[in-house]
Structures are given as C-alpha cells and as structure tokens.
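Here is a short note to go with your first look at this structure. Please keep the view open while you read.

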Amino acid sequence: MIRRSTGLSERRSWANSLPILANDLIRAGLGQVEVLVEYSIPGNSERADAVLAGVHPGSGEDSFLVVELKQWREVRLLSDRPGKVDVAGVPGRKRDHPGPQVEKYCKNMRKKLACLHEDPEKLRGILYLHNAPREQIEDLYKEADQRYGMVFSSSERDQLTGYLRSRFASVSGAASADRLLGSMIRPTRSTTQLSARQLARRSQFDLLREQEEAYLLALRTVEEARADDHKRIVVVTGGPGSGKSAVALELLGAFMRRGHNVRHATGSSAFTETLRTVVAGGPEQKSLRGVFDYFSGYTKARRNDIDVLICDEAHRLRKTSHSWRTRKDLRSERPQIEELVNAARVPVFLLDDRQVIRPTEIGSFQEIQRYADERGIEVRHVQLNGLFRCGGSVAYDEWVKRALGMSQSEPFRWEDDGAFILRLAESPSEMEWVLRDLTEKRRSARLTAGYCWPWSDPGEDGTLPEDVRIGDWSMPWNNKRDTVFGGAPSRALWATDPRGLGQVGCIYTAQGFEYDWAGIILGPDLKFRDGVLTTDNRENKDKNIPQKLSPDEADTYIRNIYKVLLTRAMEGAVVYAVGPELQEHLRHLVPSLSDSPVKVPDRARS
C-alpha cells in the first residue's frame with residue numbers, strides 16, 4: 001500500500017518500462033516468473049523498480065533479481081562528483097549513479113530479510129537501460145558490479161535473455177515471491193546501540209541516498225573549510241525517523257578516524273547521557289565521554305576552537321544557553337546559535353522544524369539561515385525525505401500527519417502495509433499486556449503518554465508514585481533521577497534500559513530515541529469535537545508549555561509532541577485515547593486489538 005499520489009512522470013515511467021521488461025521475460029520463455037513492482041526495501045522507504053522472483057534452473061532454490069529500469073538514452077560519469085552521472089535530456093541532468101543504488105538495495109535486502117541472509121547467492125541486481133544503445137552509456141560499464149550492478153542496454157537484449165535464463169527456470173515463481181514477501185525481518189540497529197569499537201568502523205548504518213548525500217556534503221565542506229580557512233555551516237533537515245542521528249553518528253566516526261577535533265552536542269539530557277553511557281561506557285572508553293556534550297557547553301569557547309561541531313536534535317536550540325539553574329553572574333544574553341557557530345570551523349545542524357515542543361526552543365532552518373545571512377556565512381543544506389524508523393512506511397508517516405490534523409488531506413483507515421503495524425487498544429491495561437508480551441518475543445517496547453498527569457517526587461518508601469491514572473489502571477512516570485530508583489532506570493536511560501517498560505515515558509525521555517514497539521496514550525489535551533481534532537492546553541501539566549500561551553501557540557506544540565511520540569517505533573504501535581469521543585473516532589481509523597491481534601514471528605537473531 002502506497003498512501004501517496006503518483007505523479008504523471010512516475011505513471012509514464014511505469015507505462016514505458018514495465019511492458020518492455022514483461023516482453024523480455026516472455027521472449028526468454030519466463031512468462032511465469034513473478035514481477036514485484038515498486039518493491040519496498042525492508043527497513044526504509046526506498047523502493048526498487050522491480051524484483052523478479054522465481055526458481056533457479058540449476059539449484060532449484062529461490063532466485064531473485066532486482067531490476068533498476070531507466071529510460072535514459074545517454075549517460076556520462078561526472079569526474080568531479082563521485083556517485084553522480086550526467087544524463088542527457090532530463091531536467092537538471094545530474095542524477096545518482098544507478099549502480100551503487102542497486103547494490104545498496106541488494107545489500108539492505110540481504111541484511112534485513114532472513115530468507116536471504118543465510119544464502120546471499122539467491123539475490124542479484126541489474127541495470128536495464130532499454131532505450132539506450134551501449135555506446136551512449138559506456139561509462140556505466142566501467143565499474144559495474146557483476147553481481148549487483150550488471151548493465152544491459154537496448155542493443156544487448158540477447159545477452160539479457162541469456163542472463164535471465166541463467167537465473168530463472170521456466171516454472172511458476174509465485175511460491176518464491178510469497179517467501180520473499182513473507183520473510184522474517186531481522187533486527188534494525190538503533191542509533192543508541194553503538195559501542196566505541198563499532199563507532200570506529202565505517203558504515204554502521206545503511207544510509208539512504210539523501211542521507212549519503214548529507215554525509216558526503218559534510219565531509220567535503222570540512223575539507224574545503226580547512227583548506228581556505230573559511231567558516232561554513234551545514235544544515236540537515238528531515239522528519240522523525242528520517243535518519244538524522246544516523247548521519248550524525250556516521251559523521252562523528254568518520255571525523256574521529258580522520259583525526260579532526262570533533263564534538264557531538266545535543267540539547268537533550270537523555271540523549272547525550274545515553275550516548276555517553278552506551279558508546280563510552282566501558283572503563284577503556286572514558287576519554288570518549290567528552291566527545292558527547294550539550295549545546296550549553298560552548299559559552300566560553302574560542303573562535304574555531306574545534307574543527308566540527310555536530311549539533312544533533314538542533315530543533316532544541318534555545319535563545320540563550322542560560323537557564324533558571326545558571327547563577328546570575330554567569331548569565332549571558334548571547335544567542336546560543338552564535339556560541340555554537342563561533343566554536344567550530346564547520347557546525348553541522350541536524351533538525352526537524354516540526355519537533356519544536358516548547359516555546360523556549362527556536363531551532364529551525366529559517367533561524368539558522370537568518371543568522372548566517374547576517375554574518376555572511378555560507379549555508380549548505382540537505383533535506384532528508386526517506387524513512388529509517390516506522391519500518392520505512394511512508395503510509396504510516398502519512399497516517400500520523402492526517403490523524404493529527406497536520407495535513408490538508410482527510411484521515412484514512414489504517415491497513416497494515418507489510419512494513420508497519422498499528423492497533424487500537426481498548427484500555428491502557430490491554431496496551432501494557434500487549435507490549436509486555438512483545439518483549440517475550442525479544443522486541444523492545446515502551447509506553448508513552450502526553451504530559452497530562454501530575455508528576456510527583458519519588459516516595460520515601462523507595463517507590464515511584466503511580467501518577468498516571470486512567471480508571472483502575474495506573475503506572476508511574478519515568479524516574480526523575482539520574483540514578484536507578486525504585487527498580488526504575490535513570491531518566492536518561494529510560495528508552496534503552498529494559499526496565500523502562502515499567503514506567504510511562506514523556507516527550508523529554510522519548511524524543512530522539514527509537515524502540516521496536518510503542519504504546520502511546522493520547523491524553524485529554526487532545527479532543528475530538530464535532531468532527532474536528534482540537535487541543536486543550538488546560539489539560540496539560542507541562543510547565544514548559546505555560547497556560548499563558550495563546551490556544552494557537554499551544555496547539556502547535558501539543559500536536560508536535562504527539563507526532564514525536566507516534567513516530568518512535570520501528571515495527572509497530574498501539575494507541576489508546578483517554579477522551580471517549582477521540583477513542584470512538586480512532587475506532588474508524590485503526591484496527592482494534594480485539595479484532596486483529598498483534599501477530600509477529602519470533603525475531604531472527606543478529
């Protein structure tokens with residue numbers, strides 16, 4: 001299911017390319033081979049033009065072929081832009097090299113699908129430029145991978161026929177296609193599962209094309225800034241789960257290996273402390289803890305004190321670095337963005353304008369660009385549109401935006417799309433039971449809620465008070481302390497410590513993290529009245545969203561908060577609304593657990 005409109009050019013591409021591929025299969029006597037069109041690559045939002053599924057003529061085993069179809073007629077490599085090609089006759093001319101693209105599709109499929117992981121020989125990939133004679137695309141043959149990037153032109157149809165016959169027998173491929181589509185998905189690495197040793201190695205994450213572009217842009221910008229001693233700013237924007245933190249950690253490892261003076265900073269205590277604990281937690285890695293810092297840690301930095309400052313979750317930038325804890329004699333009205341830009345020759349900001357969740361946060365591309373323009377600093381920008389989280393489901397991302405009224409389009413009823421699962425619980429206790437059951441199947445799971453209940457201090461009896469009360473169900477908020485208390489992990493480790501399932505997480509402990517499954521309680525600050533979803537800040541207990549805000553101002557923050565909470569999961573989510581009208585509305589939009597129980601296979605081990 002693809003919950004997006006398809007443009008005229010995309011429909012034209014299907015009409016021009018797919019019949020040619022079908023005719024070539026028939027010509028080769030392989031009309032029974034299954035063709036999976038617009039195949040969704042597991043774990044992200046990329047799609048292959050076609051995947052052929054059938055039986056290998058020699059082994060009798062399943063055989064699969066990724067086919068990248070191009071209507072290009074003339075292509076040249078760009079010597080000054082690795083990974084890019086010049087395509088005659090297309091707007092802008094510059095395009096991604098399709099060879100590495102197919103290789104990455106195959107790599108991700110082999111890594112994520114259990115049916116391919118044990119036997120990678122089952123999968124191959126090719127480029128098919130069915131409109132171009134070989135002499136016009138000769139450059140593509142120079143570095144073609146014979147397993148995952150073999151090139152065929154319009155003048156090589158006989159060779160293509162022979163290749164197809166070497167990969168497929170003239171029998172039905174339906175069962176093979178079913179096995180591919182129904183294959184168990186292997187675990188996805190979380191951005192908070194890296195160790196220091198892993199950080200020292202390249203390619204911890206399978207970056208999508210735009211993420212790779214952002215990664216390479218930052219590397220190139222730092223080299224240029226060092227060569228001409230001229231400050232530049234890199235901004236990477238993208239929605240929840242688009243892989244901003246994956247890019248940040250890939251860059252951190254790359255700059256460390258290259259000997260650059262680099263720091264990683266955030267405005268989140270939970271995120272920074274988790275990275276310090278997980279990545280630099282071992283005794284031999286204590287020196288690495290200083291690499292992970294806070295935005296407020298650069299008030300006294302000298303100009304270009306460090307080479308690269310990676311500002312992750314930069315939507316949490318504040319107007320100034322001081323807070324109510326700062327002594328009056330140490331307070332400064334100097335803008336926090338000025339401190340960060342001053343500190344590094346190249347600051348790299350990774351942010352999402354729609355994850356600003358309180359009035360004191362000002363991080364946005366517009367604000368950074370305004371500051372840079374005032375000071376004559378060049379800004380280089382990359383927008384990430386792909387998805388790492390939520391199974392790479394574009395449909396779920398669209399469902400969230402429509403359900404929260406953050407899109408002009410009407411909400412739609414969710415149908416599982418093979419990438420992500422969504423269910424409606426009839427009570428918080430049912431939600432909790434499902435999440436605990438999923439942990440028995442080796443899934444990580446967390447329960448979160450809007451900040452609509454009081455948050456009491458820990459009790460003297462060594463327990464956390466069960467402040468979140470809904471009917472006869474109750475559970476404590478996550479631990480306020482920086483140390484273990486009452487059997488609960490410290491607040492910074494709520495999202496990564498398995499004991500975190502025993503408490504309800506809030507936006508401040510969930511933002512920036514991911515887990516396999518999420519339970520989300522939509523609090524009474526979300527209401528459904530007369531067919532419209534509205535917000536009510538009077539029901540909000542978060543002092544960071546004060547009651548003095550206008551309804552419109554508070555509305556933006558509340559919707560942003562729920563968008564963040566709804567997009568933390570990798571595999572699936574369970575939702576429940578406190579308000580009866582909203583819960584009834586959700587029954588029309590989400591399959592119920594009672595009607596469609598969550599069924600997930602035991603996870604393939606890494």
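1. A word on the basis. This is a predicted model, in which local features need pLDDT of at least 70, side-chain atom pairs count only at pLDDT 80 or more, and totals for chains, interfaces and linings use all residues. Residues are numbered from 1 along each chain as its sequence is written, and side-chain values use heavy atoms, with hydrogens and water left out.

2. Start with A177, which sits in helix α5 (residues 174-181); helices here are DSSP runs of H or I with at least four residues, strands are runs of E with at least two, and both are numbered from the N terminus. A177 counts as buried because its relative accessibility is 3% (buried means under 20% relative accessible area, with a 1.4 Å probe and protein chains only). Leaving aside residues up to four places away in sequence, A177 touches E34, L36 and A53 (contact means heavy atoms within 4.5 Å).

3. Next, find strand β23 (residues 569-577): nine of its nine residues are buried, so the strand is largely enclosed by the rest of the structure. Strand β15 (residues 421-424) pairs with β23 in the parallel sense over four bridges (pairing requires at least two DSSP bridges), and L424 stands opposite V575. Strand β20 (residues 515-522) also runs parallel to β23, joined by seven bridges, with Y515 opposite A569.

4. Finally, look at where helices α10 and α11 meet: I337, E338 and V341 in α10 contact E367, I368, Y371 and R375 in α11.

Terms used
Buried means under 20% relative accessible area, exposed over 50%, partly exposed in between (1.4 Å probe, protein chains only).
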